[in-house]
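Me: I have a model open and would like to go through it. Can you take my questions one by one?

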Amino acid sequence: MPEGHVIHRLAAEIKTTFAGAPVQVTSPQGRFSAADSLDQTRIAQAEAWGKHLFILFDAPQPEHIIHIHLGLIGTLRFSPLAPPVGQVRLRIANDSVAADLRGPQWCRLITPEAMAQVTSKLGADPLRIDADYTATWHKVQRSSRSIGSLLMDQKLFAGVGNIYRAESLFRLGISPTRTGRDLLPKEFDELWADLVLLMQDGVRTGRIDTVRPQHTPEAMGREPRKDDHGGEVYVYRRSGEPCFICQTPISHSVYEGRNLFWCPSCQKLRE
């Protein structure tokens with residue numbers, strides 16, 4: 001599932017590509033019939049909240065916001081205008097560029113009130129300047145759940161996914177099994193700041209790179225990572241490989257249905 005930086009990049013690209021002029025809004029697949037009501041209107045705004053994308057149109061009807069969640073297999077790709085290929089649920093286009101949505105978890109037309117209901121249930125998004133992470137901290141410090149579990153809770157950390165979870169915890173030496181209430185305020189502040197740093201970099205580059213300069217392939221004389229997810233990482237999908245810092249094999253387990261990676265030496269539980 002795409003992490004939050006991907007959705008923020010998409011929102012920015014929508015605004016840059018389609019600003020100012022009416023756009024063509026169609027459903028080549030035919031499964032999003034509401035597209036007709038927005039055809040030849042202007043896009044007023046595109047916003048990302050965690051893993052949710054909202055495209056707001058200058059349209060007179062109450063329902064004028066397209067709400068998209070890509071889910072596990074969804075994609076929204078920009079390409080030079082050409083006839084659609086495959087099962088395109090939604091197409092937004094101008095005279096030269098088309099943005100084609102395929103396989104989303106959902107794509108629906110909603111009102112501003114419905115959008116507010118969705119966003120009110122989401123936690124703090126490290127990529128939004130209006131994020132209130134103090135509210136998240138108050139919930140974390142009272143929780144008996146592990147920080148590895150809490151970081152994946154979109155009602156607490158909107159947009160944070162499996163890679164950012166694993167990598168930020170490693171970078172700060174925090175065991176994913178520590179409970180929220182065992183986390184110190186300073187550690188939480190450092191964790192939040194690291195998520196902001198890494199995710200902002202992800203928006204800028206379009207990939208997830210989490211290793212510090214001294215641990216890059218060039219600095220360590222090692223081969224670059226070869227993985228469908230791309231990016232240089234410390235622990236994510238490196239099960240059994242030596243830790244870059246201490247050489248301990250990276251551990252892996254399935255936790256709450258998701259793959260969890262950590263270094264048992266660098267991320268020891270506090271005594």
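This is a predicted model: local features need pLDDT of at least 70, side-chain atom pairs count only at pLDDT 80 or more; totals for chains, interfaces and linings use all residues.

Me: Helices, then. How do α1 and α6 cross?
Reply: Their axes come within 8 Å and cross at roughly 45 degrees. That makes α1 oblique to α6, and the crossing of the two is right-handed.

Me: I need the terms. What counts as a helix, an axis and oblique?
Reply: Helices (H or I, at least four residues) and strands (E, at least two) are DSSP runs, numbered from the N terminus. An axis is a line fitted to C-alpha atoms, for helices over the stretch in contact, and angles run from 0 to 180 degrees between N-to-C directions. Under 35 degrees is roughly parallel, over 145 roughly antiparallel, 65 to 115 roughly perpendicular, and the rest is oblique.

Me: And right-handed?
Reply: A crossing is right-handed if the near helix is turned clockwise from the far one by less than a right angle, and left-handed if anticlockwise.

Me: How does α3 sit against α6?
Reply: Helix α3 covers residues 133-140 and helix α6 residues 185-205; their axes come within 11 Å and cross at roughly 135 degrees. α3 and α6 are therefore oblique to each other. Their crossing is right-handed.

Me: What about α5 and α6?
Reply: Helix α5 (residues 162-171) packs with α6 at an angle of about 130 degrees, the axes being 10 Å apart. This pair is therefore oblique, and α5 passes α6 in a right-handed crossing.

Me: Switching to charges. How many salt bridges are there?
Reply: The count is 13 salt bridges, each being a side-chain nitrogen of Lys or Arg within 4 Å of a carboxyl oxygen of Asp or Glu.

Me: Why would such side chains pair?
Reply: Side chains of opposite charge can pair when their charged atoms come close.

Me: Which residue does K186 pair with?
Reply: K186 forms a salt bridge with E190, and the closest N and O atoms are 2.5 Å apart. Both residues lie in helix α6, 4 residues apart, about one turn of the helix.

Me: Is K186 buried or exposed?
Reply: K186 is exposed, with a relative accessible area of 57%, whereas E190 counts as partly exposed at 33%. Buried means under 20% relative accessible area, exposed over 50%, and partly exposed in between (1.4 Å probe, protein chains only).

Me: What does R207 meet?
Reply: The side chain of R207 meets that of D209 in a salt bridge of 2.7 Å, N to O. D209 is partly exposed at 22% relative accessibility, and R207 is partly exposed at 39%.

Me: What is the N to O distance for R222 and E232?
Reply: In the salt bridge of R222 with E232, the closest N and O atoms are 2.9 Å apart. Both residues lie in the loop between α7 (217-220) and β9 (251-255), so the pair ties together parts that are 10 residues apart in sequence. R222 is buried at 18% relative accessibility, and E232 is buried at 8%.

Me: New topic. Which residues make the nonpolar surface patch?
Reply: M1, L72 and I73 make a nonpolar surface patch of about 360 Å². Patches are made of residues with over 30% relative accessible area and no salt bridge, with like charges joined within 9 Å and nonpolar side chains (Val, Leu, Ile, Met, Phe, Trp, Tyr) within 5 Å. Accessible areas come from the Shrake-Rupley method with a 1.4 Å probe, and for residues only the protein chains shown count as cover.

Me: Where is M1?
Reply: M1 is in the segment before α1 (4-18) and counts as partly exposed at 38% relative accessibility.

Me: Last one. What is the phi of Q40?
Reply: Phi of Q40 is near 65 degrees, a positive value in a residue other than glycine. Q40 is placed in the loop between β1 (24-26) and β2 (42-49).

Key: Residues are numbered from 1 along each chain as its sequence is written. Side-chain values use heavy atoms; hydrogens and water are left out.
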